[in-house]
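Let's take a walk through this protein together. Have the sequence and the 3D view ready, and we'll go step by step.

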Amino acid sequence: MSEDDLDRLVRVFYGKAREDAVIGPIFNSHVSDWEHHFALVRDFWSRAMLGTSRYKGAPFAPHLGMNLRPEHFDRWVALFRDTAQAVLKPVAARAAIRRVEHMSAAFQAGLFPLDFSKQDPAS
Ligand code: HEM
């Protein structure tokens with residue numbers, strides 16, 4: 001996997017995400033400088049997949065205050081999965097998808113407290 005692969009991954013992914021009926025409006029209301037966003041997220045992926053250190057941020061906090069719901073994550077992950085499979089070689093696609101699935105679960109655990117009223121009562 002190269003930096004060029006990651007650039008393509010990010011551009012194709014956000015090309016779809018911006019037009020998407022479920023998550024597009026959220027991106028379009030929060031991101032105005034798309035080239036800046038592409039560079040930031042490409043650097044995030046480069047740190048995650050290639051071990052570089054240009055990305056110095058922490059990705060969770062920027063997602064607070066967007067009123068995200070579980071269905072936004074489902075859609076985000078589905079679009080990412082399609083994009084990774086189309087753009088990356090199979091081994092790299094699987095690695096990127098596993099990371100996204102893990103981050104999606106971790107973000108959702110942080111954003112959506114478990115509702116114990118919906119659990120079976122302890123016996
Ligand atoms: C597991 C899933 C996700 C990953 C891996 C991810 C990754 C990222 C990263 C790395 C950034 C840059 C953070 C920074 O500023 O340092 C970011 C920003 C952003 N993400 Fe996500 N994201 C995920 C889910 C979502 C979802 C579900 C939405 C909404 C539909 C979303 C909307 C945004 C927006 C709007 C920004 C820009 C925030 C801003 O600059 O104001 N993300 N994301």
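At roughly what angle do the axes of helix H1 and helix H4 cross? Before we get to that, a word on what you're looking at. This is a predicted model, in which local features need pLDDT of at least 70 and side-chain atom pairs count only at pLDDT 80 or more, while totals for chains, interfaces and linings use all residues. Residues are numbered from 1 along each chain, as its sequence is written.

Now for that angle: H1 (residues 3–19) and H4 (residues 70–87) cross at roughly 140°, and their axes come within 9 Å. Axes here are lines fitted to C-alpha atoms, for helices over the stretch in contact, and angles run from 0 to 180 degrees between N-to-C directions. That makes H1 oblique to H4; angles under 35 degrees count as roughly parallel, over 145 as roughly antiparallel, 65 to 115 as roughly perpendicular, and the rest as oblique. The crossing of H1 and H4 is also right-handed, where right-handed is when the near helix is turned clockwise from the far one by less than a right angle, and left-handed when anticlockwise.

Who meets whom? On the H1 side, the residues include Leu 9, Val 12 and Phe 13, and on the H4 side they include Leu 79, Phe 80 and Val 87. Two residues are in contact if their C-beta atoms, placed from the backbone, lie within 7 Å.

H1 passes H3 in a right-handed crossing. Among the residues making this contact are Leu 6, Val 10 and Tyr 14 of H1, along with Phe 38, Trp 45 and Met 49 of H3.

His 37 is partly exposed, with 15 other C-beta atoms within 10 Å; a residue is buried with 20 or more, exposed with 12 or fewer, and partly exposed in between.

Finally, step back. The protein has five helices and zero strands, where helices (H or I, at least four residues) and strands (E, at least two) are DSSP runs, numbered from the N terminus. Of its 123 residues, 12% count as buried.
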